[in-house]
Each structure stands twice: as structure tokens, then as C-alpha cells.
Amino acid sequence: MKRPSFQLKPPANDSMLTEPSPHPAQTAETAIETEMATTATTLGTDPGRQPKSRPSIQWRIFRTASFLVFVYLCVCAALVYWEPRLVFPGAYFDAIPLMDPNRFTPDEPIVGTVSPFEYTTTDGSALFGRIYVRDDAERVVLFLHGNGIRAIEMDGWTRRLSDVLDATVLTAEYRGFQASAFTPTQESCIEDAVSAMDALSEATGTPVEKILVYGRSLGGGIAAGLIDELVKRKTPPKSIVLDRTFDSVAEAGSDMFWFLPVKVLMHNHFDSVAHLNQYQGNVVQIHGAPDRIVPMKNGRALYESLTTPTKVWIEVPDMRHNDRISLESLRRIRSELERLETSS
């Protein structure tokens with residue numbers, strides 16, 4: 001009798017002999033790790049590393065403060081760069097050609113009309129003011145205009161001032177305000193005012209002391225610098241008129257740009273308080289209450305600083321900075337000048 005034989009079949013997968021079936025708990029753990037790895041890959045992070053910490057509050061404050069300081073310094077640099085255009089905007093307007101061929105000469109003055117008046121500056125340049133010659137004039141007036149206009153544009157005012165004050169009037173000009181590449185400065189404007197004063201005195205035969213100086217707006221600051229130079233020469237004029245002007249450009253600018261160190265950054269201060277400190281002549285100062293370009297407090301500060309005992313303050317309730325001054329106000333200026341000059 002034959003014994004039955006048994007034949008063992010090899011397993012379908014050899015790994016079944018060496019790798020036991022995974023435990024259900026291990027299968028769940030592997031699935032979690034796989035999901036975490038997939039998430040890390042999607043987010044671009046390494047699951048083996050700790051996530052980067054966010055910048056601290058102190059660092060963010062420092063970074064923001066540094067950016068603000070940078071912006072502030074850029075604004076300060078811009079103020080320094082643009083100062084000439086801010087202080088002397090009229091020098092950067094398109095030039096107006098001088099078309100009038102009839103120019104004033106002392107030998108043959110043109111009476112009854114405004115004509116060019118040529119004079120030479122300290123560097124040899126030729127400037128052309130505008131003069132209105134009046135027969136039998138009671139006065140000779142040097143008018144110094146502001147920063148947003150030029151002498152050639154003021155013929156109507158030159159004639160009007162002559163009519164009210166019964167005066168021969170020269171509206172002076174400054175280098176840079178004519179067709180040239182010259183950049184005006186405080187020093188150059190004051191030098192040009194001195195040149196205009198000397199030329200006017202020579203052309204009319206009037207001593208400098210007897211010429212009335214009338215300065216408006218920035219022209220008031222130039223007038224103050226002119227007076228300072230004439231005081232040093234011991235030839236100060238007897239009387240001056242200050243129209244809507246300031247204690248200094250830096251003071252007025254500090255109020256307007258309170259967030260900037262204007263007094264440190266500005267070169268052209270036009271410190272009228274310092275320039276008029278030694279002047280002892282007659283001063284008539286006029287200002288408008290609603291003036292926003294040169295606030296009245298800056299004009300009043302100049303008036304209060306004047307050491308001369310013969311001074312008058314005229315406040316006009318409805319006159320803004322660029323308003324045309326009324327005939328009534330001009331006549332009052334004349335009457336106050338006559339009163340001061342009679343009593344002094």
C-alpha cells in the first residue's frame with residue numbers, strides 16, 4: 001500500500017515569509033505621516049525643521065521708523081533743493097522781452113509815462129527797472145516788489161503810486177527776474193537794491209537820505225536789508241514803507257512747515273528784525289488782517305521789534321496778501337508819512 005504524498009506549494013509572494021502583516025495602529029500612523037509630508041510639500045516647508053518665527057514687534061517698529069526717517073530726510077533735502085523756486089518763484093517764470101526802445105536818460109527824462117531805467121549791478125550785469133518821472137514831484141520813491149512778479153509787469157502800480165504820493169517812482173528789478181540763468185539769493189537781491197538806490201539818486205539828483213523806500217512782501221525783506229547797508233554807510237533814508245511783509249522768511253516758513261527744521265535748512269532768511277534793529281527813521285507799516293501768505297502776526301512781530309520811536313501800524317480788515325491796495329489805504333500811508341516827517 002502506497003503512502004499518500006504531500007507537495008507544498010511555494011507562497012505567491014516571498015515577502016510574506018519575512019514581513020508580517022502591519023498592525024492596524026501602525027497603518028493609521030503611517031497614513032498620518034504621509035498626509036503631513038504631503039501638506040509640508042504643498043506649503044514648501046520641510047517637515048523635519050521647525051517653522052520660521054515671525055519678526056518681533058520691536059523689529060517691525062524699527063523697520064517702520066527707519067522708513068519714516070528716510071522719507072523725512074528726503075523731504076528736507078527737497079526743501080533745500082527747491083528753496084530758490086519757493087522764495088523767488090518770479091525768477092522762474094517765462095521771460096517777458098523788453099520791447100520799449102525809449103529808455104530813461106537823466107538828460108532827457110521821459111515825463112508822464114513809465115519807461116525802462118537801466119542800472120549796473122555789482123557783478124557788471126545790466127538791470128532794467130521801470131521809472132515814472134513826474135514834473136515838480138514832491139518825492140522820489142524806490143519801490144521794491146515781491147517774489148511772484150517782475151518790474152516790467154507793474155507799470156500800472158508804478159504810475160498809481162506816483163499819483164498818490166506825488167512822486168517820481170522807480171520800480172527796481174533783481175538779477176534772475178529778467179532773461180538770465182542767474183539764481184537769486186538774499187545777498188544778490190539786497191545788492192541789486194543798493195545799486196538801484198545809488199542809480200536813482202544820481203539820475204534824479206536826490207540824496208539817498210531823501211529817497212523814500214517802499215517794500216512789499218519779499219520786497220519788504222529786501223528793503224530791510226537795503227536799510228541795513230545804508231545805515232552802515234551812514235546814509236539811511238528818512239522814511240520807509242513796509243507793505244504786507246514779515247519779521248523773517250524763516251519765521252513765516254516755520255509756521256507754514258511746522259514739521260520741518262526750516263530755520264536750519266533755509267539759506268535765505270531775510271531777517272528784517274535784525275536788519276532794521278539800528279534804523280531810527282520813520283516807518284509806516286501796513287498789513288491785512290486776512291493775509292494767509294504772510295500772516296499778520298509775522299508783520300506785527302516786525303513792527304513790535306522796531307526800535308525807532310517814529311513808527312505807525314496800519315491794519316486793513318479786508319486786504320489779503322495779493323489784493324490790490326485801495327486808494328484809501330494809499331492816502332492814509334501818505335498822511336501818516338507826512339505826520340511823522342513833520343514831527344520828527
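Q: Rings of Phe, Tyr and Trp (its six-membered ring) pair if their centres lie within 6.5 Å, with planes under 30 degrees apart counted as stacked, over 60 as edge-to-face and the rest as tilted. How many aromatic pairs does a search of the whole structure find?

A: The search returns 8 aromatic pairs. This is a predicted model, in which local features need pLDDT of at least 70 and side-chain atom pairs count only at pLDDT 80 or more, while totals for chains, interfaces and linings use all residues. Residues are numbered from 1 along each chain as its sequence is written, and side-chain values use heavy atoms, with hydrogens and water left out.

Q: Why are W59 and F62 separated by about one helical turn?

A: An α-helix has 3.6 residues a turn, so residues three or four places apart point the same way. W59 and F62 are 3 residues apart in helix α3 (residues 57-87), and therefore about one helical turn separates them. Helices (H or I, at least four residues) and strands (E, at least two) are DSSP runs, numbered from the N terminus.

Q: Is W59 buried, partly exposed or exposed?

A: Buried means under 20% relative accessible area and exposed over 50%, with partly exposed in between (1.4 Å probe, protein chains only). W59 is partly exposed because its relative accessibility is 44%. The rings of W157 and Y214 form an edge-to-face pair, because their planes lie at 70°, with the centres 5.8 Å apart. This second pair connects distant parts of the chain, since W157 belongs to helix α4 (residues 155-165) and Y214 to strand β5 (residues 212-216), 57 residues away. Both W157 and Y214 are buried.

Q: What else is found around the ring of W157?

A: F143, W157 and Y214 make up one aromatic cluster. A charge sits over a ring if NZ of Lys or CZ of Arg is within 6 Å of the ring centre and within 35 degrees of the ring normal. R216 places its charged end over the ring of W157, 4.2 Å from the centre. Likewise, the charged end of R300 sits over the ring of W313, at 4.9 Å from its centre.

Q: Which strands pair with β4 (residues 167-171), and in what sense?

A: Two strands pair if DSSP finds at least two bridges between them. Strand β2 (residues 126-132) is antiparallel to β4, with 3 bridges, and I131 stands opposite L170 in β4. Strand β3 (residues 139-144) runs parallel to β4 and is joined to β4 by 5 bridges; here V140 faces T168.

Q: Why is β4 said to be largely enclosed by the rest of the structure?

A: The description applies because 5 of the 5 residues of β4 are buried. A167, V169 and T171 point one way and T168 and L170 the other, and all are buried.

Q: What handedness do the β-α-β units show?

A: A crossover is right-handed if, with the strands pointing away from the viewer, the path from the first strand over the helix to the second runs clockwise. The unit made of β3, α4 and β4 is right-handed. A right-handed unit is also made by β7, helix α10 (residues 296-305) and β8.

Q: How is β7 (residues 282-288) placed, and which strands pair with β7?

A: Of the 7 residues of β7, 7 are buried. N282, V284, I286 and G288 lie on one side, with V283, Q285 and H287 on the other. Strand β6 (residues 239-243) pairs with β7 in the parallel sense over 5 bridges, and S239 stands opposite N282. Strand β8 (residues 311-316) also runs parallel to β7, with 6 bridges, and E315 stands opposite H287.

Q: Which residues does S239 touch, beyond those up to four places away in sequence?

A: Contact means heavy atoms within 4.5 Å. S239 touches I211, L212, V213, Y279, N282, L337 and E341. Because its relative accessibility is 3%, S239 counts as buried.

Q: How does the span of helix α6 (residues 218-232) compare with the expected value?

A: The expected span is 1.5 Å times one less than the number of residues. With 15 residues, α6 reaches 22 Å from its first C-alpha to its last, close to the expected 21 Å. In α6, 12 of the 15 residues are buried, including L218, I222, L226 and L230. K234, which follows α6, has a positive phi, near 65°.
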